[in-house]
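Work through the exercises below with the structure open. Try each task before reading its solution.

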Amino acid sequence: MSDPVLVVVFYLISAITVVAALGVVLTRNIVYAAVFLVGTFAGVAGIFVLLNADFLAAVQLLVYAGAIAILIIFAIMMTRDTRKGSRSNEQRWPAFIMAVLMLAVLLGGISQTIWPVSVLAPLETTTEKLGKLLLNEYILPFEVVSVLLVAAMIGAIVISRED
Amino acid sequence: MNLYLLGPELSLIGLAFLVILVDLATHNKNVVAALAGIGLVVPAAWAVSLWGQTASSFYGALVVDSYSIFFKLLFIAAAALVILMSVQYSKRFAPYQGEYYAVILLATAGMMFMASTQELISIYISLELASISLYVLASFLKDAKSSEAGIKYLLLGAVSSAVLLYGMALLYGATGSTKLNEIAQAIQESMQRDQGAVLPAIVLGAIFMAGGFGFKIAAVPFQMWAPDVYEGAPTPITGFLTGASKAAGFAVILRVFFVALGNQAPLPVDWPALFAVLSALTMTVGNLSAIPQANIKRMLAYSSIAHAGFILVGVAAFSSQGVGGVAYYLLGYMFTSMGAFAAIVAISERLGSDQIADYSGLARRAPLLALILAICLISLIGLPPTVGFVAKIYVFWAALQQGLLWLVLFGVLNSVISAYYYLRVVKAMYLGAPASEEPLPVSRTLVVALAVAVIAVLAIGIFPQPWLDFGTGAAIVLIP
């Protein structure tokens, strides 16, 4: 990331991500909040691209900016009357103070740490390596995820079915 | 890769799917319950056959040692008791009984994975498997309270998962590994390089992870969800949450803090002090909030928060006696709380109420049931001859050996306070006037659950030695 163009792009994408994230929590209209959330997801995908994590960026776009955003918007449409706007949050000031404290702690901790940095060059393509890792070293959690999905699916059916 | 080592979990997941299939084929749901309950023999026997081995498989993601087997057997026993308690109770969610038993088994499988992995991603995934199954189980009644329990548990659980993941990410970033033993080594090396200084990211990561796990065990200040969820969830599931889910949380905390973060000399951070403060806070807040409760499920919810505090005394001791005491305490607490909740299921089935005021004169209407509930409550106070007494003595003794006198005094004081609200129930049952003289019959499966639980509470309390050996045998894996 020594290329000055990349540095500028990084700050630009980061700014978009942060502004969109602020939009999510500050807007009163829940549909706007959902659209801002898509902006945040897309910004994170951009950061993944800059970090040479091509597969992760694609997944971030497809799953988060695509599927999850649509899911959220559907959920909003089906559960409440959006013209009324959303309820004001009585706990916004306590939440604000907690968030600022959290930010301070995280910034302090992260900036004080000397992070170990790999000396290897970044991979050109990551998909193949990720696939091999998932089906070798991480095969057990990978398979447990499928059991987790079954449990979630059974739960969704039981909870949402009218009887 | 050795599939044999994965046998208990694999057979349990297979059993869950078999339960779903059989549920499709039969209208007699007692068959499904019997299959789920009796089928547990297979994973239990498999786990016993692995006892004494120390092996790892799946590139270190799965570890089989006496510690993990101890917890696996504890979870299987808890699942069996929950299924016994549910045979009658589950008629309330009639069309979904098969799914109910299947999700209980899947949650148990998740807890078993939690206890037998040494790798952060597997810890997270298995914790989610257990949690998501429990979110579903909490909302199974589908009435207002149960739905509230489910949604609260889900939302706060999601936040705690995010905090946990953040901690894991920081720890991984600072050490470059997701395996607990490699993390321990990386921390040791970085401390040697920096003359004993610890990277702040490691401290932050550890504290975040403690927060995420603290949610699972309902330790203060991560306990807000517990009373509402415990009150709203189906009563057998409340028992499962206090007995098994809490034990799973402790199993992971002990493994992470002893293998990865507390394996160095000197310790990177004064973990014993951190856990001692958490412990004192948790038992005091839990006990004081339990006093004014009128609903027995809610009272036991606060009592289970307080017990998380007592168990944390053993963690704060940060010694092999401490870990052994924690294991023994968790075993005893599982049987005690299961017994208490089984009694509550039996009573509420006839009375239709969970209010302590309605327990008045119960000893005359159902003498045996009242006696069993009283024994369980006495064990919760920590009086002889029950398991609660030995468990408390053991963790307090372990803390005393590490010089934590103030914490032990705190614990004793809290036990005295707790006697007040437990004995209030006993007093209502034995001295109160009954609303009617009509006896309360108890269904046969519940009798089995009650008998197993109360015999365990007494037997483990009166003959503690083999069980303490069982617990210390598990602890020795973490602290040789």
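**Exercise 1.** Is the crossing of α13(B) and α18(B) left-handed or right-handed?

*Solution.* This is a predicted model, in which local features need pLDDT of at least 70, side-chain atom pairs count only at pLDDT 80 or more, and totals for chains, interfaces and linings use all residues. Residues are numbered from 1 along each chain as its sequence is written, and chains are lettered from A and ligands numbered from 1 in the order in which they are written.

Step 1. Find the helices. α13 of chain B covers residues 296-317, and α18 of chain B covers residues 405-431. Helices are DSSP runs (H or I, at least four residues), numbered from the N terminus.

Step 2. Take the axes. Two packed helices are described by the angle between their axes and the distance between the axes. Here the axes come within 11 Å and cross at roughly 160°. Axes are lines fitted to C-alpha atoms over the stretch in contact, with angles from 0 to 180 degrees between N-to-C directions.

Step 3. Classify the angle. α13(B) and α18(B) are therefore roughly antiparallel to each other (over 145 degrees).

Step 4. Assign the hand. The crossing is left-handed: the near helix is turned anticlockwise from the far one by less than a right angle.

**Exercise 2.** Which residues of α13(B) meet α18(B)?

*Solution.* Step 1. Apply the contact test: C-beta atoms, placed from the backbone, within 7 Å.

Step 1. List the α13(B) side: Ile296(B), Met299(B), Ser303(B), Ala306(B), Phe310(B), Val313(B) and Ala316(B). Their partners in α18(B) include Gly411(B) and Tyr421(B).

Step 2. Sort by class. The contact has nine nonpolar, four polar and no charged residues. Ala, Val, Leu, Ile, Met, Phe, Trp, Tyr, Cys and Pro count as nonpolar, Asp, Glu, Lys and Arg as charged, and the others, Gly among them, as polar.

**Exercise 3.** Where does Phe318(B) lie, and where does Lys142(B) lie?

*Solution.* Step 1. Lys142(B) is in the loop between α6 (120-138) and α7 (144-175) of chain B.

Step 1. Check the backbone. Most residues other than glycine have a negative phi. Phe318(B) has a positive phi of about 50°, and Lys142(B) has one of about 65°.

Step 2. Count neighbours. Phe318(B) is buried, with 23 other C-beta atoms within 10 Å. Lys142(B) is partly exposed, with 16. Buried takes 20 or more, exposed 12 or fewer, and partly exposed is in between.

Terms used:
Helices (H or I, at least four residues) and strands (E, at least two) are DSSP runs, numbered from the N terminus. Angles under 35 degrees count as roughly parallel, over 145 as roughly antiparallel, 65 to 115 as roughly perpendicular and the rest as oblique. Two residues are in contact if their C-beta atoms, placed from the backbone, lie within 7 Å.
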